[in-house]
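Here are my notes on the structure you asked me to look over. Please read them next to the coordinates.

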Amino acid sequence: MNNMEHFKELLKSKGLKMTTQRALILESLSECPKMHLTAEEIYEIVCKKQPEIGIATVYRTLKLLTELGLIDTLDLDDGFVRYELAGSGEDGHHHHHHLICISCGKVLEFKEDLMETLEGKIEMTTGFKIYDHEVKMYGYCKECKEKMNK
């Protein structure tokens, strides 16, 4: 099943239809998987395919798709809310993390989820059931580190 069919089934299971706007936004995010797009960037991409769409429609659709768990919001500490397709882990949660270069602002992803062990230990010792987590690590990307070492 391709992404669009999967999204269509998820929307249908929630009693909603796959509208043109929803499809365009989901398609835009799936075409740019590592870009962490802002609403305005998504709007620019969608406008190229459907010029009559309004920014308010994009915001409303992003809000709905976030509430449905089809997309995730990210705060990369740059003053913007960013969006990406929801994680595809077994339970559907977001299971990749972000490395943020404090010099150039580049954002890298890593998928190792070493937090599962910690989450299990926390739940055993405190009884607190963790639903999700987000990890952001700050440092210098390879290129910036090389520049600094010269």
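Predicted model: local features only at pLDDT ≥ 70, side-chain atom pairs only at ≥ 80, totals over all residues.

The points below cover the sheet, the cysteines and a surface patch.

1. Strands 2 and 3. Strand 3 covers residues 81-85 and runs antiparallel to strand 2. Five bridges join the two. For a landmark, look at Asp75: it stands opposite Val81 in strand 3.

2. How many disulfides does the model have? The count is zero. Cys32 is in none, and the nearest cysteine sulfur, that of Cys47, is 15 Å away. Cys32 counts as buried, at 16% relative accessibility.

3. Cys144. Cys144 is in no disulfide either. Its nearest cysteine sulfur belongs to Cys141, 3.6 Å away. Is Cys144 buried or exposed? Cys144 is buried, because its relative accessible area is 6% and buried means under 20%.

4. Surface patch. Ile102, Tyr138, Tyr140 and Met148 form a nonpolar patch on the surface. Together they have about 440 Å² of accessible area.

5. Met148. This patch member is found in helix 6, which covers residues 142-149. Met148 has a relative accessible area of 48%, so it is classed as partly exposed. The exposed class needs over 50%.

Notes:
Residues numbered from 1 in each chain as written. Heavy atoms only, no water. Patch = residues over 30% accessible without salt bridge, like charges linked within 9 Å, V, L, I, M, F, W, Y side chains within 5 Å. Areas by Shrake-Rupley, 256 points an atom, 1.4 Å probe, with all protein chains shown as cover. Salt bridge = Lys/Arg side-chain N within 4 Å of Asp/Glu carboxyl O. Helix = DSSP H or I, 4+ residues; strand = E, 2+ residues; numbered from the N terminus. Buried < 20%, exposed > 50% of the residue type's maximum accessible area, 1.4 Å probe, protein only. Pairing = 2+ DSSP bridges. Disulfide = S-S within 2.5 Å.
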